[in-house]
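Dear colleague,

Please find the structure below, followed by an account of what was found in it.

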Amino acid sequence: MPSRRSARPPRVDDKTKETKARIGLALAGGGPLGAIYEIGALCAIEEAVEGLDFTACDSYIGVSAGGFVAAGLINGLTPHQLCAAFIENSLEPPDSFDPTVLLHPAWDEYLARLRKLPRLVGGAIWQTAVQGRSLLGAFERLGRALPTGLLSGDALAAQLHKQFSLPGRSDDFRALKHRLVLVATDLDSGESIPFGMPGFDHVPISRAVQASAALPGLFPPVEIGGRHYVDGALKKTIHASVLLEEGLDLLICLNPLVPYESNPLAAGSGFAKRARIPRLVDGGLPVVLSQTLRSLIHSRLELGMKGYARSHPDTDILLFEPDHRDAELFLANTFSYAQRRHLAEHAYQTTRAKLLERAPELGETLAGHGLRLRTAMLLDNERRLLPPELPGAGRTARALVRLDRALSSLEARYLPQPA
């Protein structure tokens, strides 16, 4: 049987007429923290890999927060522009993006449930007092008055719709030059729904991002065409098989959430010495639940990656994720502006360190697809994603900082670099 690579004609660059590898990008979820990690890591990877442009991949798939990032990339926002928009909030509207937009209460959901309360209370009293049913049944009936989510995702969808409606961008899957898939879960059937694929590409991209990121309990299910959708990570972590079926040569995967490895006796430097919870049980219920969720998500990812290697042996798959000993990401407050900057810089620097550590393996793999790892850039210890904050800096100073970062990005992408 022909390999998946040979089953399709090679892609030819429109400008150079050279054959180019088909490259896909798969981004897992992880809430605001996941988006911050992925943006910082993408900046590091794109800078370090000559010939790689994350706004020009052949196909993208995103789940939850990964869908938010993927939708921005395919609409031409570079990783550094996403950093300016989401991390620093330094771009002009509508591209500026304040993460507090995710904290709007779900007032419509509250009111809808409140309107049902009198009838539910009456029914519960009737069942208990007249029909002699148990109090447990009455409480179960009253549970229908509880909101299905605390926060509204409508503001997120509205913000993205404004951004994607600008000239040169699109909020319509069908108008994109490359494939974008945003995965959500059908609440009533439990099926994974690939918005962007034929039959599911009529939904606005902004609405699909909202559905894919609707974490049950936090955000209400999103109604689309009479069906209700929730977070796409309920069944799988990354859903990479959707892209692999298209015959990719190289698939780059990012997963922000990993279980934390607490080992206070571990030798070495870096995150191992900065562990702030020697025993996770000492962190209480939030830490225990976080570790449980991360362990479940990551175990599915490990199984999926092994399956992809067997089912698609002709595709090189590169996975990037945080170090399991990284306390900075595990104990993060993602709604603090200072923390967002710190975490993005942290993701950027730790990804650079990982790239350098894996340089022999990565260099060989990337070379097979016409890409080159800039090891000299990775050895530059002075390189930063974000400049140090300037207390009291005015608009001119901030503009100069952004200009300096833009010039550095252009230099990394277009000027020859030593190996």
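Leu180 touches Tyr60, Ala70, Ala71, Ile74, Phe173, Phe195, Gly196 and Ile205, leaving aside residues up to four places away in sequence; contact means heavy atoms within 4.5 Å. This is a predicted model, in which local features need pLDDT of at least 70 and side-chain atom pairs count only at pLDDT 80 or more, while totals for chains, interfaces and linings use all residues. Residues are numbered from 1 along each chain as its sequence is written, and side-chain values use heavy atoms, with hydrogens and water left out.

Leu180 also belongs to the largest nonpolar core, which has 78 residues; Leu25, Leu180 and Phe195 touch the most other members. Such a core is a set of buried Ala, Val, Leu, Ile, Met, Phe, Trp, Tyr and Cys residues joined through side-chain atoms within 4.5 Å. Buried means under 20% relative accessible area, exposed over 50%, and partly exposed in between (1.4 Å probe, protein chains only). Helix α1 (residues 31–48) gives the most to this core, with 11 residues; helices are DSSP runs of H or I with at least four residues, numbered from the N terminus. A second, separate core has 17 residues, among them Ala28, Ile61, Val181 and Met197.

Two further residues may be of interest. Leu111 lies in helix α4 (residues 107–130) and counts as partly exposed because its relative accessibility is 45%. Ala327 is placed in helix α10 (residues 327–330) and counts as buried because its relative accessibility is 3%.

With kind regards

Notes: Helix = DSSP H or I, 4+ residues; strand = E, 2+ residues; numbered from the N terminus.
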